[in-house]
Structures are given as C-alpha cells and as structure tokens.
Amino acid sequence: MTKEQYISNLHDSFVNFINHILSLADMLILLPQATDYDKRELDKVKLMLKGKDAKSIEKELSDGTFSCSTLDRIEKLYKDLTDFGLEHIHESEIWKMLVKQMCYSNIENGKKDALVRLEEIKM
C-alpha cells in the first residue's frame, strides 16, 4: 500500500465514522424517549463531530498532509466522544446505543484496514 492509499483509506474511515455518528445522533434526537436534556447533549456530540478540530483533521487527510500529530488528534477526538458518551451512559438507553455504535464503527473500520493489508500480503 502506498502512502497515498493509506492516507486515503484513513480519510475515508474518518469521514465515514463522523458521518455515521452524525446520522446516529440525528436519529436518536428524534426518538420519542429522547428528553430535552438528551437532545441538548446529543447536539454537543454533533458539535464535536462538526467542530474545528474534526474539520482540520479531515482537511489534513484530504490534502495528504498526514502526520503523527494528525493521528494524535484523531485519537483525542475519538476518546473525547467516548468519554462524553460514557459520562451519560447511566442516564438512558440512548447513550448506550451511541457508545455501542461508536465502538462498532471503529471495530468495523479496523477490520476493513486489516483486510486491505491482508490483500497486499497475498500479492
């Protein structure tokens, strides 16, 4: 895999994760059991996903200006989202669904990356 392919895959995984969680947050806000508090807090999650740091990471990946600090910032964003969800997890099933889907999305992205690497080994 070339550096460009790796960065492209990382970009796609990052964008897919962001879009998946944004869609999930939108869906959870519409659930009848979502309280006004849940909706406000889910809006905070959406702000994190659309924030300056997330946009900056996406731009660096799309421009190909990937660095170790980019990886550190991706890790921090994912951890911040996880921490935020876990802080609310005792409040309702909505937060359990959010955290579960964030974890599943990262697991699925990891599997896709591993499959790409396996294909390269076979070549």
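The model is predicted: local features require pLDDT of at least 70, side-chain atom pairs count only at pLDDT 80 or more, and totals for chains, interfaces and linings use all residues. Residues are numbered from 1 along each chain as its sequence is written, and side-chain values use heavy atoms, with hydrogens and water left out.

I begin with the helix pair. The axes of helix H2 (residues 36-50) and helix H5 (residues 93-122) come within 11 Å and cross at roughly 20°; axes are lines fitted to C-alpha atoms, for helices over the stretch in contact, with angles from 0 to 180 degrees between N-to-C directions. Helices are DSSP runs (H or I, at least four residues), numbered from the N terminus. H2 and H5 are therefore roughly parallel to each other, a term for angles under 35 degrees. In H2, Asp-38, Glu-41, Leu-42 and Val-45 meet Ile-94, Trp-95 and Leu-98 of H5, where contact means heavy atoms within 4.5 Å.

Next, the core. The largest nonpolar core has 29 residues, and those with the most contacts inside it include Leu-42, Val-45 and Leu-98. Such a core is a set of buried Ala, Val, Leu, Ile, Met, Phe, Trp, Tyr and Cys residues joined through side-chain atoms within 4.5 Å. H1 gives the most to this core, with eleven residues.

Finally, is Asn-109 buried or exposed? Asn-109, in helix H5, counts as buried at 8% relative accessibility; buried means under 20% relative accessible area and exposed over 50%, with a 1.4 Å probe and protein chains only. Beyond its neighbours within four places in sequence, Asn-109 is in contact with Ser-13 and Phe-17.

Key:
Helix = DSSP H or I, 4+ residues; strand = E, 2+ residues; numbered from the N terminus. Parallel < 35°, antiparallel > 145°, perpendicular 65-115°, else oblique.
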